[in-house]
Amino acid sequence: MGFIPGLELSRRFYWEAVRPVLEGSFSGLRHSAALIGPGSETLGFDDEMSTDHGWGPRLQLFLRPADWEIHAGDIDSALRDGLPHSFLGYPTNFSQPNPDDNGVQLLEASEGGPVNHRVETQTVGGFFCGYLGFDISRTIGAADWLTFPQQKLRTITAGGVFHDKIGLESVRARFSWYPQDVWRYLLAAGWARIGQEEHLMGRAGLVGDELGSALIGARLVRDVMRLCFLMERQYAPYAKWFGSAFSQLESAAALTDILVKVQRASTWQERDRWLSEAYRVAAGRHNRLGLTEPMPERPMHFFGRPFRVMALHGFADALLRSVRDPKIVQLAKRRPIGSIDQFSDNTDLLEATELRESLRALYGPR
């Protein structure tokens, strides 16, 4: 049998292997079953190489808190004894977590004895608390939205729910996209990021620093791509799948060739030409959103200097003027640092759920 995408493998694993064990020993127990959270398969980007670590027949079982207290241990034991040792050609047994490799587990064939499975039994609240650092009994505030990494929001809202009797989908729906004014603030911050460096690409080139100019150009390419994710209301995944996910956006048809030409340009003048085209496409998409008054779609020269810019037209300010939520209005009076994804791409920071509460202070009263 050829490669089976992990999400489909997990769906079938639930219905054909896990569900019969539950019906045999825990008939009538209300639960939800899903595959959400970490893993390339939740995003639909896994392939045969993905099978070499952390991948396989796995899923999450969600129980109500009282049922979890009573049944979690017994469910684990029943699955250890009742699951087949292989499923659709893949082992269901996993190695022990590797403490030297972030707890990664590998598929490990076995022929007898208990199965060291990866059917994780937990509560909905426990999952969101552990993965996002958020108590689902609370209202999601602006500071929460701005400190949730997009890569985690994408893996929560992607993936698949195979069975839902305790309301997992209704909780996931709360994270489907940003509130309107948070979205406007993030769009403004995206344009502000472009404005911070769009004039520096040419300036570095003018003094003969083509390496520095190319580096700034590459950063601007990523900023344009991130802006497109926001404009199309799609969370951006982490670096490994960023380009793959971008290729699925509507913007990709008009922008991909242009952005590749920016990356391949050997002179700042060529870089300037193609970045100007990218800005023009982005400005057109902005205007089609109808969030502000129509904005110019032609780049302008930077105060008479021989390189062109777009954010200087005032996209960020126009978006911030359109905000109505009082809490976001207060944020709009400060420098538009945007969300955690926009001011940092440090993986350790984005993944450190325990730091999220400290980061919320960036958006608190002053």
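Predicted model: local features only at pLDDT ≥ 70, side-chain atom pairs only at ≥ 80, totals over all residues.

Residues are numbered from 1 along each chain as its sequence is written, and side-chain values use heavy atoms, with hydrogens and water left out.

**Cavities and pocket**

On a 1 Å grid over the protein atoms alone, a cavity is a set of points where a 1.4 Å probe fits but cannot get out; a pocket is an open set with protein on both sides within 12 Å along at least five of seven lines; lining residues have an atom within 4 Å of a point. Grid points are joined across faces, edges and corners, and a volume is the space filled by probe spheres set on the points. Helices (H or I, at least four residues) and strands (E, at least two) are DSSP runs numbered from the N terminus. Ala, Val, Leu, Ile, Met, Phe, Trp, Tyr, Cys and Pro count as nonpolar, Asp, Glu, Lys and Arg as charged, and the others, Gly among them, as polar.

Two cavities of 30 Å³ or more are counted.

| Space | Volume | Lining by class |
|---|---|---|
| Largest cavity | about 80 Å³ | four nonpolar, three polar, four charged residues |
| Second largest cavity | about 70 Å³ | nine nonpolar, two polar, three charged residues |
| Largest pocket | about 1,300 Å³ | 15 nonpolar, 17 polar, 14 charged residues |

The lining of the largest cavity includes Gln150, Arg193, Asp223, Arg226 and Asp341. Helix 8 (180-197), helix 10 (210-231) and helix 16 (340-343) each supply at least two residues of this lining, and helix 10 has the largest share, five residues.

The second largest cavity, with about 70 Å³ of space, is lined by 14 residues, of which Thr147, Pro149, Leu350, Ala352 and Arg356 are the closest to its centre. Helix 17 gives the most to this lining, with three residues.

The largest pocket holds about 1,300 Å³ of space. Of its 46 lining residues, Pro38, Gly39, Ser40, Tyr238 and Glu351 are the closest to the centre. Helix 11 supplies the largest share of the pocket lining, five residues.

**Helix contacts**

Axes are lines fitted to C-alpha atoms, for helices over the stretch in contact, and angles run from 0 to 180 degrees between N-to-C directions. The axes of helix 8 and helix 10 come within 10 Å and cross at roughly 165°. Helix 8 is therefore roughly antiparallel to helix 10 (angles over 145 degrees count as such). Contact means heavy atoms within 4.5 Å; among the residues making it are Trp183, Gly190 and Arg193 of helix 8 and Asp223, Leu227 and Leu230 of helix 10. By class, this contact of helix 8 with helix 10 has eleven nonpolar, one polar and five charged residues.

The axes of helix 4 and helix 6 (residues 150-157) come within 11 Å and cross at roughly 155°, so helix 4 is roughly antiparallel to helix 6. Phe127, Phe128, Tyr131 and Leu132 of helix 4 meet Lys152, Leu153, Thr155 and Ile156 of helix 6. By class, the contact of helix 4 with helix 6 has six nonpolar, one polar and one charged residues.

How values were computed. Parallel < 35°, antiparallel > 145°, perpendicular 65-115°, else oblique.
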